[in-house]
Amino acid sequence: KTFKECYRVMAPHSWLLCWFAPEPWFNVIYEELLNAGFNTTRMCGIWTKPSGQSKRPEIHLANSYEMFFYAWKGRPALNKPGRSNNFNFSPVPPQQKTHPTERPVELMREIYTTFAFPGSRILIPFLGSGSGLIAAHQLGMSAFGYELSKSYRDSFLVKLNGMS
């Protein structure tokens with residue numbers, strides 16, 4: 001439902017970025033993007049981290065990357081044509097995180113300047129830590145979105161208020 005609604009409200013030639021855990025979600029997310037009307041490729045964007053993290057280091061290798069699908073409606077253009085799909089940024093230190101999958105603002109700025117042009121409007125269906133809102137604000141883009149968790153919403157509202 002979320003992808004179909006995003007497709008409905010998005011501009012005619014625009015991008016959708018969707019972070020996901022490869023296991024078990026790769027095929028599910030890929031198929032749902034196509035079912036909603038988007039075009040995409042199985043060659044994802046990758047956030048590479050210099051060091052890995054694991055909740056169960058005794059049985060799982062430390063994960064040093066996260067993936068996102070980039071899907072498109074119409075025929076949008078990249079703001080940075082030919083840019084690599086690898087985004088190498090350090091993660092937010094665990095003691096500074098307000099959300100379990102928090103991404104650094106610097107990473108989000110690089111992603112936004114890769115896919116969007118100055119003055120763009122950014123829809124963030126799952127706001128999480130609010131890093132996407134902060135990055136868009138810093139770039140002079142307008143961003144809006146939704147977050148179901150009151151505690152996550154409250155934490156990024158505190159961050160945003162600290163910026164003013």
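# Reading helices, rings and backbone angles

Tutor: Helix H4 is followed by glycine 140, whose phi is positive, near 75°. Please keep in mind as we go that this is a predicted model.

Student: What is the general idea behind looking at phi, and at peptide bonds?

Tutor: Most residues other than glycine have a negative phi, and most peptide bonds are trans. In this structure there is also a peptide bond to look at, the one from glutamate 23 to proline 24, which is cis, with omega near 10°. Proline 24 itself lies in helix H2, which covers residues 22-35.

Student: How do I read the packing of two helices, and at what angle do H3 and H4 pack?

Tutor: Two packed helices are described by the angle between their axes and the distance between the axes. Here helix H3 (residues 105-115) and helix H4 (residues 131-138) pack at an angle of about 60°, and their axes are 8 Å apart. That angle makes H3 oblique to H4, and the crossing in which H3 passes H4 is right-handed.

Student: Which residues in H3 and H4 meet?

Tutor: From H3 come Val105, Met108, Arg109 and Tyr112, and they meet Ser131, Gly132, Ile134, Ala135, Ala136 and Gln138 in H4. Sorted by class, the contact of H3 with H4 has six nonpolar, three polar and one charged residues.

Student: Is H4 mostly covered or mostly open?

Tutor: H4 is mostly covered, since six of its eight residues are buried; these are Ser131, Gly132, Leu133, Ile134, Ala135 and Ala136. Take isoleucine 134, which lies in H4: with a relative accessible area of 7%, under the 20% cut-off, isoleucine 134 counts as buried. Isoleucine 134 and leucine 160 are 26 residues apart in sequence, while their C-alpha atoms are 7.0 Å apart in space.

Student: What kind of pair do tyrosine 70 and phenylalanine 115 form?

Tutor: Tyrosine 70 and phenylalanine 115 form a tilted pair, with 5.5 Å from centre to centre and 50° between the planes. Tyrosine 70 lies in strand E4 and phenylalanine 115 in helix H3, so this pair ties together parts that are 45 residues apart in sequence. Phenylalanine 115 is buried, with a relative accessible area of 10%. Ring pairs also link residues into a cluster made up of Trp15, Trp19, Trp47, Phe68, Tyr70, Trp72, Phe87 and Phe115.

Student: Where is phenylalanine 20 found, and which residues does phenylalanine 20 touch?

Tutor: Phenylalanine 20 is found in strand E1, and phenylalanine 20 is buried, with a relative accessible area of 10%. Leaving aside residues up to four places away in sequence, phenylalanine 20 touches Trp25, Phe26, Ile29, Cys44, Met67, Phe68 and Phe69. The C-alpha atoms of phenylalanine 20 and asparagine 35, which are 15 residues apart along the chain, are separated by 17 Å.

Terms used
Residues numbered from 1 in each chain as written. Predicted model: local features only at pLDDT ≥ 70, side-chain atom pairs only at ≥ 80, totals over all residues. Heavy atoms only, no water. Axes fitted to C-alpha atoms, helices over the stretch in contact; angles between N-to-C directions. Helix = DSSP H or I, 4+ residues; strand = E, 2+ residues; numbered from the N terminus. Parallel < 35°, antiparallel > 145°, perpendicular 65-115°, else oblique. Left-handed = near helix turned anticlockwise from the far one by under 90°. Contact = heavy atoms within 4.5 Å. Nonpolar A, V, L, I, M, F, W, Y, C, P; charged D, E, K, R; others polar. Phe/Tyr/Trp six-rings, centres within 6.5 Å; stacked < 30°, edge-to-face > 60°. Buried < 20%, exposed > 50% of the residue type's maximum accessible area, 1.4 Å probe, protein only.
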